Amino acid sequence: MNERALQKKLSRLTPGGLRYFDSIGSTNDEALAWVGAPDFSLVIADEQTQGRGRLDRKWFTPKGSGLALSLILRPPAVHTPYLSRTVGLAALSIADACSGLGLAPLIKWPNDILLNGKKAAGILIETVWSGDEVDSLVIGMGINVYKSSVPPAEFLQFPATSLEDELGHSAPAREEILFDVLSAFQRWRERIATDGLLQAWDAALAFRGEQVHVVGESPVSGELLGLEADGGLRLRAANDNFVIIRFGDVSLRPGA
Ligand code: ADP
């Protein structure tokens, strides 16, 4: 990957700005520090040495192995009521790019994409506030493209895979996958306020109708029923108690 090839490949999507790095600590950190970045600007790196997951978790992107990028949005006021759906836009966009390759992705709510029950991509969204208003959203995406992106098992709480592993043959160039993810993102973003977005997101959820355990500040177990209008997750817990989980720092695990 290099900046010129990326500029050329992405020109039809008219990104607001593009910063490419052969190696970087974290694309989200660079995006958060990019003062005045226009809407739909991108930070992309060939290698991430301090990639972040949620809380203090790490995201692993060795050189040449996968996609590590951060997309900066400056949401228009009409999107304000729907910003909690942004993680769904990102997850569906990655899922669409995987489906386009003939794979069968599912979304482990809220922020991971699974292929054959293994994590192939993760999303980390961070918000820049201006007083009470959202100034910008930074959407970090890590996508395991080649086999070399899959971390060693001792590093993982959840099994991982790559597009190449699941395809059973070599994966397309990363620029192609990036183009597919970003063009899907632009299509879904136009539909952020629609029921169609929620329905597609809901239909792509992993573990629907199954027992899951939500790990976090207030752990809870129950049957995964589906999404709320704001993108929260509805569970049926013990004694038919309906529970809504909002994003925060929760993780889903299969099982009771
Ligand atoms: P969780 O999976 O618990 O919801 P996060 O969404 O914050 O956690 O993702 C961070 C976790 O993902 C790390 O703790 C690590 O176990 C795992 N991980 C890190 N890099 C990769 C990768 N390239 N592919 C798959 N899983 C990864």
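Two strands count as paired if DSSP finds at least two bridges between them, and the strands (E, at least two residues) and helices (H or I, at least four) are themselves DSSP runs, numbered from the N terminus. On that basis β2 (residues 41-45) and β3 (residues 66-73) pair up antiparallel over five bridges, with Ile 44 facing its bridge partner Leu 69 in β3. This is a predicted model, where local features need pLDDT of at least 70 and side-chain atom pairs count only at pLDDT 80 or more, while totals for chains, interfaces and linings use all residues. Residues are numbered from 1 along each chain as its sequence is written, and side-chain values use heavy atoms, leaving out hydrogens and water.

The β2-β3 pair belongs to an open sheet of seven strands with mixed pairing, in the order β1-β2-β3-β7-β6-β5-β4. β1 (18-21) and β4 (105-108) sit at the edges with a single partner strand each, so one side of each has no neighbour in the sheet. Ignoring direction, neighbouring strands are turned by 20° against each other on average; axes here are lines fitted to C-alpha atoms, for helices over the stretch in contact, and angles run from 0 to 180 degrees between N-to-C directions.

Helix α1 (residues 3-10) touches β1 and β2, and its direction makes about 145° with that of β1. Helix α5 (residues 174-190) touches β2, β3 and β7 (133-144), at about 30° to the direction of β3.

Over at the β4 end, β4 and β5 form a hairpin with three residues between them. Four bridges join these antiparallel strands, and Lys 108 stands opposite Asp 112 in β5. Strand β5 (residues 112-115) is covered on both faces, with Asp 112 and Leu 114 on one side and Ile 113 and Leu 115 on the other all buried, that is, under 20% relative accessible area (1.4 Å probe, protein chains only). Four bridges also link β5 to antiparallel β6 (residues 118-130), and Leu 114 stands opposite Lys 119 in β6. Two residues separate β5 and β6 in their hairpin, where Asn 116 takes a positive phi near 50°.

A ligand oxygen is 3.2 Å from a side-chain N or O atom of Arg 253.

Note on methods
Contact means heavy atoms within 4.5 Å. Buried means under 20% relative accessible area, exposed over 50%, partly exposed in between (1.4 Å probe, protein chains only). A polar contact is a pair of N or O atoms within 3.5 Å; within protein, one must be able to donate a hydrogen and the other to accept it, and residues adjacent in sequence count only if both atoms are side-chain atoms.
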